[in-house]
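Please keep the sequence and the structure in view while reading.

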Amino acid sequence: MNLKALNGIGEKTENLFYRAGVTSVEGLLRYYPRYYDVFEAPVPVRNLECDRTQAVQASVVRDITVKRVRNLYVVNGYLRDEEGNAIKATWFNAPYLKGKLQRGSVFVFRGFVKENHGSFVMEQPKIFTLSEYDSKMGEMQPIYPLVSGLTNNVVQKSIKQAFALVKPKEKLPESVRKKYGLEDAETAIHDIHYPTDKERLQKARKRLVFEEFFSFIYSLRSLKESNEKLPNKHVLKEPEAVKHLIKSLPYELTKAQQRTWQEIKKDIQSEKTMNRLIQGDVGSGKTIIAVLALLTAALNGGQGAMMAPTEVLARQHYENIKEMLENNNINATVVVLVGSMSTKEKRETYALIESGAADIIIGTHALIQEKVNYKNLVMVITDEQHRFGVRQREAMSTKGNHPHVMVMSATPIPRTLAIIMYGDLDISVIDELPANRLPIANCVVGTDYRPNAYDFMQKQIAKGKQVYVICPTVEYSEAVEGENVIEYANKLKQIMPVSVKIEFLHGRMKASEKNEIMNRFANNEIQILVATTVVEVGVNVPNATVMMVENAERFGLAQLHQLRGRVGRGNDQSYCIFINGSGRKEAAERLEILCKSNDGFLIANEDLKLRGPGDFFGVRQSGDFEFRLGDIMNDANVLKEASEAVELIRNGKLEISEEEQKIIAEQNIENINI
């Protein structure tokens, strides 16, 4: 049903929903909240915690002041609780509060608590009478993911109407729901939008996460079955030039790299087409293995293609491979194909690919466009595999006549989960780092350490080095707590010398903007890059030696480990500063695991033990697998149950009807990135 069937949705709002990925009334029901704003009991001022939205019952201590700064009214007041402790409150563009908040009047003030010059300040607190707040206690307000122009209020009203018009489609077989004690779709979807308490929300969420995992794994198993039947049409022998290249490298391949290369060689000479995942920690040396595979394809008379998630990374791979081949007098033509190339450049590159003159092709999603025709594509590699959807991987492999497929991932997830998530692939693990890698120096600190961190950054920049600062959110939101990229970049510009160039980067920016900023950072035209986790992949900057992660407690350990892999890529000592914005002791203890080990797989296993099944009020723990609700680390137990259910069905131990089978087959896993 078209979205315009809902009252209040015209063409403009419909387009906003389209941008958010919602194209129908049915789809709107599955546009799940990303967070719940829970009205908790007021606490004394002494118990307020930094970087959290909290409530305090207090009286206004003195007259409210209103100050005009250019076009902005800044309203300040001081609030005192029953114990006599006070906190400053600040509002913007609300001069009317001077009349409303009389000295001595008692209200419940609820707002975001921040630290400012050593003292806590409550920003933009909403004001409730005691009875008003009492009626809201325990309420769980759904907060939805938004695009610019779309408000939470509009989403809420639209979803309420959608429930009156359509009934959610059941996607799980009845036998599966019964075996695993899961709710029906209608109940679960209602409760995910309108939970009456945390227990109801937990049940609803478990059901919907199970559904996501089940659909995904079922589809993957089907892929594996079809892949296993593919005969090897491209038997590739290791050329002498490749053996020579390995010997002439300025370093010796680690035992893990040698083992992985042997596994690849065995695959490409066997009776079946290769479908292999190379899973290796950041800096473990996956790229050289990819180069050996691409070169083997080219020197056997075929073509090898490698798809990278960003233009900057694709161009870096292209330059590095080209230089490596030239230095070793290897006769193979390397080309690059990315979206920002001119029409003329693309046309010339298409011709080289189609004629077979291009032996090795490096690019982005541009490699799978219709206009690209390969003469003899025998090897397909995707770098940072989790950034590509399953269908994109398939599209890449269909460009040739059943080419060998190799995918690479730096996501350090425990092997038990990797076997489920990459169920259609054989797995090689590069589990050791090159001997010449300097371990990153790590520290876990509180917010009071920031001035020291800023001084340290300046000293590194004075030596010609560069810095990453990671924040959990893009911009300020009342519902999502933590530092945000845009405000933080502006704050740093006030603190740092004017000679230090600071820019921000986040996923909502246009691809051209992101590429331009990453290029400038790679060229040291930007000294401090304030970013979201979008920097997990995308650019190799050996000159960056410092990373500071704000609100580190809001990320999973495996994700933090992958983030810090952006530094330590050069010959200089690198540093990672994890700021525990919550101030909580248990958060600091969890983060300390990162100080004890630089082994991503060990950290991922520790993360799995610590997180347990479902801290779903926090930030996603494994940001790479883009399910709508599910998180493979937090929901590891649900993932394993869903995998078990799929195996029971495929082995005939759990019965499902033909209609249910058809419904499963129709489900779209296109947007799931693994």
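Helix 9 meets helix 11 through A241, V242, L245 and I246 on its own side and L292, L295, T296 and L299 on the side of helix 11. The model is a predicted one. Seven residues of this contact are nonpolar, one is polar and none is charged. The axes of helix 9 (residues 240-248) and helix 11 come within 9 Å and cross at roughly 155°. Angles over 145 degrees count as roughly antiparallel. Helix 9 and helix 11 are therefore roughly antiparallel to each other. Their crossing is right-handed.

Helix 11 also packs with helix 10. The axes of helix 10 (residues 255-268) and helix 11 (residues 286-299) come within 10 Å, with a crossing angle of roughly 25°. Helix 10 and helix 11 are therefore roughly parallel to each other. This crossing is right-handed. Helix 10 contributes Q257, T260, W261, I264 and I268, and helix 11 contributes I288, I289, L292, A293 and T296. The residues of this contact comprise seven nonpolar, three polar and no charged.

| Pair | Axes come within | Crossing angle |
|---|---|---|
| Helix 9 and helix 11 | 9 Å | roughly 155° |
| Helix 10 and helix 11 | 10 Å | roughly 25° |

Six strands form it, open and with parallel pairing, in the order 16-21-20-17-19-18. Strand 16 (441-445) and strand 18 (502-505) stand at the edges. Each has a single partner strand, so one side of each is left without a neighbour in the sheet. On average, neighbouring strands are turned by 15° against each other, direction ignored.

Strand 20 (residues 544-549) and strand 21 (residues 575-579) run parallel and are joined by four bridges. V549 stands opposite F578 in strand 21.

Two helices pack against these strands. Helix 16 (residues 450-462) touches strand 17 (466-470), strand 19 (528-531), strand 20 and strand 21. Its direction makes about 165° with that of strand 20. Helix 17 (residues 485-495) lies across strand 17, strand 18, strand 19 and strand 20. Helix 17 runs at about 175° to strand 18.

Last, the charged pairs. The whole structure holds 29 salt bridges. One of them joins the side chains of D63 and R103, at 3.6 Å from N to O. This pair links distant parts of the chain, 40 residues apart. D63 sits in the loop between strand 2 (52-60) and strand 3 (65-69). R103 sits in the loop between helix 3 (97-100) and strand 6 (106-116).

Key: Residues are numbered from 1 along each chain as its sequence is written. This is a predicted model: local features need pLDDT of at least 70, side-chain atom pairs count only at pLDDT 80 or more; totals for chains, interfaces and linings use all residues. Side-chain values use heavy atoms; hydrogens and water are left out. Two strands pair if DSSP finds at least two bridges between them. Axes are lines fitted to C-alpha atoms, for helices over the stretch in contact, and angles run from 0 to 180 degrees between N-to-C directions. Contact means heavy atoms within 4.5 Å. Angles under 35 degrees count as roughly parallel, over 145 as roughly antiparallel, 65 to 115 as roughly perpendicular and the rest as oblique. A crossing is left-handed if the near helix is turned anticlockwise from the far one by less than a right angle, and right-handed if clockwise. Ala, Val, Leu, Ile, Met, Phe, Trp, Tyr, Cys and Pro count as nonpolar, Asp, Glu, Lys and Arg as charged, and the others, Gly among them, as polar. A salt bridge is a side-chain nitrogen of Lys or Arg within 4 Å of a carboxyl oxygen of Asp or Glu.
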